[in-house]
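Hi,

Here is the structure I promised to pass on.

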Amino acid sequence: MSADTHHENAAPLAHHFESYEQQRESASLGMWLFLGQEIMFFGGLFMVYILYRWMYPHAFAEASNMLNVQLGTFNTAVLIGSSLTMALAVRASQTGQSRKIVLFLILTMILGTTFLGVKAFEYHHKWEEHLIPGSSFAFEGKDPAHSQMFFFLYFAMTGLHALHMIVGLGLLAWLCFPAWKGRFSAENHNYVEGVGLYWHFVDIVWIFLFPLLYLIGRKGA
Amino acid sequence: MSALPTDPVAPQPKKNYLNAEYGVFSWLLTRDHKRIAILYLFSVSIFFMLGGLMAVLIRMELATPAGDLVEPDIYNRLFTMHGVLMIFFFLIPAIPAVLGNFLIPIMIGAKDLAFPKINLLSWYLYVAGGLFTLWALIHGGVDTGWTFYAPLSTTYSNTWVLPVGIGIFINGFSSILTGLNFIVTIHRMRAPGMTWFRMPLFVWSHYATSLIQVLGTPVLAITVLLLAAERIFHVGIFDPKLGGDPVLFQHLFWFYSHPAVYIMILPAMGVVSELIAAFSRKKVFGYHFVAFASVAIAVLGFLVWAHHMFVAGISVYAATVFSILSMLVAVPSAVKVFNWTATLYKGSVSWETPMLYAIGFIGLFTIGGLTGVMLATLGIDIHVHDTYFIVAHFHYIMVGGAIMGYLGGLHYWWPKITGKMYPVFLSKLSALVIFIGFNVTFAPQFVLGYLGMPRRYHAYPEEFQVLNVMSSAGATILGVGYLMPLLYFVWAMRYGKDAPANPWGAVGLEWQIPSPPPTENFHEIPVVTHDAYEYEKPSLKEAPVVG
């Protein structure tokens with residue numbers, strides 16, 4: 001490949017690949033498969049949630065009304081914005097504009113951190129209202145046991161999502177240095193593209209979590 | 001299979017993947033798929049011996065009707081740890097992580113798997129998961145059965161459920177990453193001319209296996225996490241007393257754990273396809289059907305899980321649907337068995353050691369598979385549910401199928417992997433001893449189960465003793481059979497004759513490079529111009545060494 005001479009700083013072709021194209025396609029397919037297993041991983045939780053929501057609609061709707069829709073909506077907007085900046089970072093990496101990659105990576109990280117900050121505030125609020133499942137759980141409702149189940153699933157699902165966000169932020173930070181050094185080019189931007197795919201996936205999980213947890217059945221409580 | 005200009009009498013080069021580097025770290029930090037396969041070979045062997053030790057104790061206890069060897073609590077732990085170690089730490093990784101790891105890149109003409117570092121990470125995750133499980137074992141083990149049914153596992157068991165759960169969770173990611181690596185490798189790393197329908201069937205069956213690993217294992221992971229959360233926080237997801245649903249646990253568990261059966265058996269089927277073709281000197285009959293049967297088994301495997309739950313309170317309608325779907329799995333399985341048999345027909349069959357295992361596999365798998373159809377039938381399943389009939393059935397698939405396939409594969413590729421030949425007579429004898437030992441152990445259990453002996457009890461009524469003594473005696477023979485390869489393989493590594501590049505006169509890219517292969521597998525990526533199993537073309541039998 002002539003790329004070796006054009007981009008002295010570019011990440012090298014691994015020894016077992018024949019071309020940059022093969023390496024890029026392998027990395028991309030690997031990421032898609034990883035996301036496939038992530039869908040099955042979250043899918044188990046969604047399945048549990050859907051089943052119990054269907055079995056105990058009133059207890060779940062009552063508990064769901066305790067969530068703050070304004071904050072949830074704000075966070076949804078923040079995450080969608082971060083998907084845009086991430087997509088711009090991937091675009092910049094394809095054209096090898098290293099300063100732009102870093103700019104958009106940092107913007108994405110700021111938006112991601114904002115999301116987590118709001119989430120932490122929401123968690124803290126639930127703590128003050130004794131809505132954390134466990135011995136201190138206190139909820140005035142017709143079926144507190146199953147409302148507690150809602151809150152357990154709420155924390156499990158949003159917590160697992162937040163954990164994925166934290167991992168994503170770490171990956172974004174890790175990309176900044178090689179991006180600054182100009183290591184990404186049209187031939188080799190697999191890392192940015194892979195992290196981008198991951199970030200969009202985490203956003204999409206939230207797009208499903210938000211209506212399931214915050215929105216459906218609000219009036220029926 | 002490939003047409004490369006080479007020197008037909010090239011001497012074996014002295015440098016190969018085994019002696020390219022020395023020292024502990026050259027192994028522990030290796031990214032060579034062949035060395036990682038060796039790491040797996042050693043570690044799965046250790047877990048196989050530990051799981052086997054549990055089986056020995058179980059069969060000793062069951063030699064007499066009274067519970068006179070171990071306490072009931074200990075017995076529960078024995079069969080649980082036997083299941084956990086054998087399934088998660090031996091059967092699931094054995095063929096893919098050892099033989100698949102070693103052979104898939106070579107068979108498709110690649111220098112390595114697509115992600116060598118992730119391949120090494122998989123091994124470390126496997127070891128970490130194994131250590132967690134051993135830690136629990138040392139502290140007294142776990143008594144829920146390998147199925148971890150709630151609410152016993154979530155609420156009532158006072159044993160080390162959590163560390164074992166964590167061990168299985170971590171090990172699950174090893175399995176997922178191995179599957180992911182294989183799929184990407186098969187899609188993206190095939191040599192020029194190696195089209196999908198020129199791939200050896202071993203690669204096809206691993207492709208199907210990998211799909212299950214990537215799509216099924218995460219569901220087990222989240223199930224184990226929920227189980228752990230319920231144990232720690234006492235929130236009811238599965239425990240009915242806390243508002244949960246124990247049947248939901250069974251659904252989630254079997255959604256992975258039934259397809260997991262196919263993770264264990266599909267790679268063994270891949271091995272058998274290779275062996276049958278090589279030792280009957282014929283193309284596999286109906287190559288496309290055998291290839292698609294693997295994929296069909298993987299897909300159907302995801303639709304049958306509730307046949308484990310016919311007595312768990314699911315509706316008759318659901319049970320009927322799952323019963324019919326389960327029987328459908330027999331179709332692609334039978335396609336394979338018939339096609340192997342048709343391959344043998346008019347072939348020039350030779351009875352080398354690997355072939356003995358392959359023939360053993362076909363017979364035992366057929367018995368295991370047909371009893372599986374019996375069990376998919378609602379009426380029979382309710383009669384024999386939770387009896388030794390089930391135990392016999394799945395051991396015919398797991399031990400008679402998967403382990404026979406694994407041993408057959410090891411005997412077939414051992415000269416390639418280590419560059420050494422093993423003693424012929426001893427290896428044939430061991431195949432015979434294992435076959436006899438296996439049948440004497442597990443055939444009586446079909447009868448025991450049909451007569452009503454329940455599984456998972458340490459004591460039983462006296463009328464069952466004769467058959468149980470037979471079974472325990474068979475287990476002893478089986479144990480001897482398993483020790484023999486262990487000993488002569490180790491012996492052969494040091495004292496065996498040097499293996500030629502192609503000791504069986506087989507076709508396939510792996511037989512056209514030296515034994516053991518060089519680190520890079522191929523100095524030049526081969527160009528493939530033939531289908532797999534071109535045994536009818538005599539020029540390919542003496543295929544040149546292209547290392």
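This is a predicted model: local features need pLDDT of at least 70, side-chain atom pairs count only at pLDDT 80 or more; totals for chains, interfaces and linings use all residues.

Residues are numbered from 1 along each chain as its sequence is written, and chains are lettered from A and ligands numbered from 1 in the order in which they are written.

**Chain A**

Chain A has 7 helices and 0 strands; helices (H or I, at least four residues) and strands (E, at least two) are DSSP runs, numbered from the N terminus. From the N terminus on, its elements read α-α-α-α-α-α-α. The C-alpha trace of chain A spans about 70 × 30 × 30 Å along its principal axes.

Of its 221 residues, 37% count as buried. For that label, 20 or more other C-beta atoms must lie within 10 Å of the residue's own; with 12 or fewer it is exposed, in between it is partly exposed, and C-beta atoms are placed from the backbone. As for contacts in chain A with a separation of 6 or more, 78% are between residues 24 or more positions apart. Two residues are in contact if their C-beta atoms, placed from the backbone, lie within 7 Å.

The helix α6(A) has 37 residues, which at 1.5 Å a residue should span 54 Å, and its end C-alpha atoms are 53 Å apart, which agrees. The expected span is 1.5 Å times one less than the number of residues. After α6(A) comes G182(A), with a positive phi near 75°.

H130(A) is worth a click too: its phi is positive, about 60°, although it is not a glycine. H130(A) sits in the loop between α5 (98-128) and α6 (144-180) of chain A, and it is exposed, with 11 other C-beta atoms within 10 Å.

**Where the chains meet**

The contact takes 29 residues from chain B and 26 residues from chain A. On the chain B side, the elements that give two or more residues are α6 (161-188), α7 (201-233) and α8. Of these, α7(B) gives the most, with 10 residues. By class, the chain B side has 22 nonpolar, 4 polar and 3 charged residues. Here Ala, Val, Leu, Ile, Met, Phe, Trp, Tyr, Cys and Pro count as nonpolar, Asp, Glu, Lys and Arg as charged, and the others, Gly among them, as polar.

**Helices in chain B**

The axes of α3 (residues 72-107) and α13 (residues 388-418) of chain B come within 11 Å and cross at roughly 25°. That makes α3(B) roughly parallel to α13(B). Axes are lines fitted to C-alpha atoms, for helices over the stretch in contact, with angles from 0 to 180 degrees between N-to-C directions; under 35 degrees counts as roughly parallel, over 145 as roughly antiparallel, 65 to 115 as roughly perpendicular and the rest as oblique. Residues that meet there include L91(B), I95(B) and F102(B) from α3(B), and M398(B), G409(B) and W413(B) from α13(B). By class, this contact has 11 nonpolar, 2 polar and no charged residues.

G409(B) turns up again with L275(B): the two are 134 residues apart in sequence and 7.8 Å apart in space, C-alpha to C-alpha. L275(B) is in helix α8 (residues 246-280) of chain B and counts as buried, with 27 C-beta neighbours inside 10 Å. Leaving aside neighbours within four places in sequence, L275(B) is in contact with P354(B), M355(B), A358(B), G408(B) and Y412(B).

In α11 (residues 353-376) of chain B, 17 of the 24 residues are buried, so the helix is largely enclosed by the rest of the structure.

Most residues other than glycine have a negative phi, and most peptide bonds are trans. Against that, a cis peptide bond joins A150(B) and P151(B), with omega about 0°. P151(B) lies in the loop between α4 (116-138) and α5 (152-156) of chain B. The bond from S515(B) to P516(B) is cis as well, with omega near -15°. P516(B) is in the loop between α15 (465-495) and α16 (538-541) of chain B.

Y533(B) lies in the loop between α15 and α16 of chain B. Its phi is positive, near 60°, and Y533(B) counts as buried, with 26 C-beta neighbours inside 10 Å.

Cheers
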